[in-house]
Structure formats: structure tokens, C-alpha cells
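Here is a short report on selected strands, contacts and surface features. Please look over the model before reading on.

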Amino acid sequence: SAGTQTFGAAHTFAAGGPVVNLSTGTLSAANALTFNNTFNWSGNASISGTGTLLTTGTTTVGSGGASPVNKTWDNSGTLVLGSGVNVNATNLALTNLTGGVINLNATDGNGTFHGAGTLTNNAGGVINKAGTGNTNISGSGLTAFNNAGTVNVTAGTLSLNVGGTDSGAYVFGANVLSYAAGRNIGSGTSFTGTGNLNFQSGTQTFGAEHTFAAGGPVVNLST
């Protein structure tokens, strides 16, 4: 609905409660706002305020995208982005916690993360690139994508257009992962499965000895 809904205290939308749909307007919360239920976010509607946003159920970002403003967003549920859907961030720190899943399901055009902020995939977190389209994790104001968990590239192309640190796993399913910005590739980083790993822009810095294993993705170095 339109207008600004202001939460004067921490609030939890309980599991088993009604589906929450945010399509226009703003939810403003200076305290924690927790969605343990199904939450549908679309229309570039905004959630603002300094309180932490926590999503533990299924959160779907739909047509028009989502606009988190000045938020720390911790996801331990399932976050779904479809085709042509953007998370348009302003001062966002989005962390996919242990047990959290982010599904990037674009089948045409782009499904993107961009805007000012950071995206972190913690150890035990999973990001699935399952749609056949292209998904960009974009450097248009986004300062870092850090991966200590698992990123499954099973369809389409995932382009990392922003710097950050890798210490987790990238698992290929005959598809493409493109490094299009300089990143720090640390100890523990692995690239497994078949597909193409494209180093196409920026300086990739290896912080430890690294082996691209037999049977892994084809490595392409270009400018």
C-alpha cells in the first residue's frame, strides 16, 4: 500500500502468519523488523531506518524490484530474485547467513544487485545462479561482494562486476562465471565442475597458492 508505515518498536511477522506484500510506499523501522513468514517485495518499495532487517522465511523480490535504504539485512531463509528484478540498495549491508539461500532465477535480461552497499555470503550460505539469463553483481555503487560460502552457477552467466574477497566455493554446471573487476582470491577458494571461468577485467590477487584442478572449469584470461 502507499504511504509510510512506521514501526515504533521491534516487530516480528511470525511464521504461519499472513503473507506480507509490500508493493508501494515505505516501511520505516528504527528497530529490528523480522519476517519469519512469506514476504513479497516489489514495485521498488522501500524499507528504511536503522533497525536490522531479518528474513528467515521465503522472501521474493518481484516486478519493479526492492529498495532497502540504510539497512543491515540478514537473511537466513530463502531469498528469490526473478527476471529483470533489481535490489536497488542505498547504504545496504546484506549478509546471507549460515543456512541462508539466495536464488537468482533470471531467465531473460538481468537480475541484479546494485547500488551503494555490500553483499556477503557467509560460510554455510548458498547462492544459486539457476536462471538461464545473465545476473550481475554490480559495481554501480556496490563496494564489495564477499564469498565465504558456496555459489552454484548451474545456468546462464553470473558476472561479478565488483571487488571483494573470495574464500569459498564456486561450483559450475557447464555455465559461465565472469570476474569483471579486481578481486582478492584467498585460501580456501575453489572452482569445481565444468563450465567457463572468465577473468576478463581488473587485477585478480591470489593470497595463497592456488591450483586450478583437472576436470574443473576452463579458465579464460582476457581484457
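Is Phe206 buried, exposed or partly exposed? Phe206 counts as partly exposed, because its relative accessibility is 35%. The classes are set as follows: buried means under 20% relative accessible area, exposed over 50%, and partly exposed in between, with a 1.4 Å probe and protein chains only.

This is a predicted model, in which local features need pLDDT of at least 70, side-chain atom pairs count only at pLDDT 80 or more, and totals for chains, interfaces and linings use all residues. Residues are numbered from 1 along each chain as its sequence is written, and side-chain values use heavy atoms, with hydrogens and water left out.

**Surface patch.** Phe206 sits in strand β27 (residues 205-206). Strands (E, at least two residues) are DSSP runs, numbered from the N terminus. Together with Phe212 and Val219, Phe206 makes a nonpolar surface patch of about 230 Å². A patch takes residues with over 30% relative accessible area and no salt bridge; nonpolar side chains (Val, Leu, Ile, Met, Phe, Trp, Tyr) are joined within 5 Å, like charges within 9 Å. Areas come from the Shrake-Rupley method with a 1.4 Å probe, and for residues only the protein chains shown count as cover.

**Salt bridge.** The count comes to one. The rule asks for a side-chain nitrogen of Lys or Arg within 4 Å of a carboxyl oxygen of Asp or Glu. Asp166 and Arg183 meet at 2.9 Å, N to O. This pair links distant parts of the chain, 17 residues apart: Asp166 is in strand β21 (residues 165-166), Arg183 in the loop between β23 (175-179) and β24.

**Asn184.** This residue belongs to strand β24 (residues 184-185). Beyond its neighbours within four places in sequence, Asn184 touches Gly164, Thr165, Asp166 and Thr205; contact means heavy atoms within 4.5 Å. Its C-alpha atom is 6.0 Å from that of Gln204, 20 residues away along the chain.

The accessibility values line up as follows.

| Residue | Relative accessible area | Class |
|---|---|---|
| Asp166 | 0% | buried |
| Arg183 | 2% | buried |
| Asn184 | 40% | partly exposed |

**Strand pairing.** Two strands pair if DSSP finds at least two bridges between them. Strand β16 (residues 126-129) runs parallel to β19 (residues 150-153), joined by four bridges. Here Ile127 stands opposite Val151. Strand β19 also runs parallel to β22 (residues 169-172), again with four bridges. Val153 has Phe172 as its bridge partner in β22. In a regular strand, side chains alternate between the two faces of the sheet.
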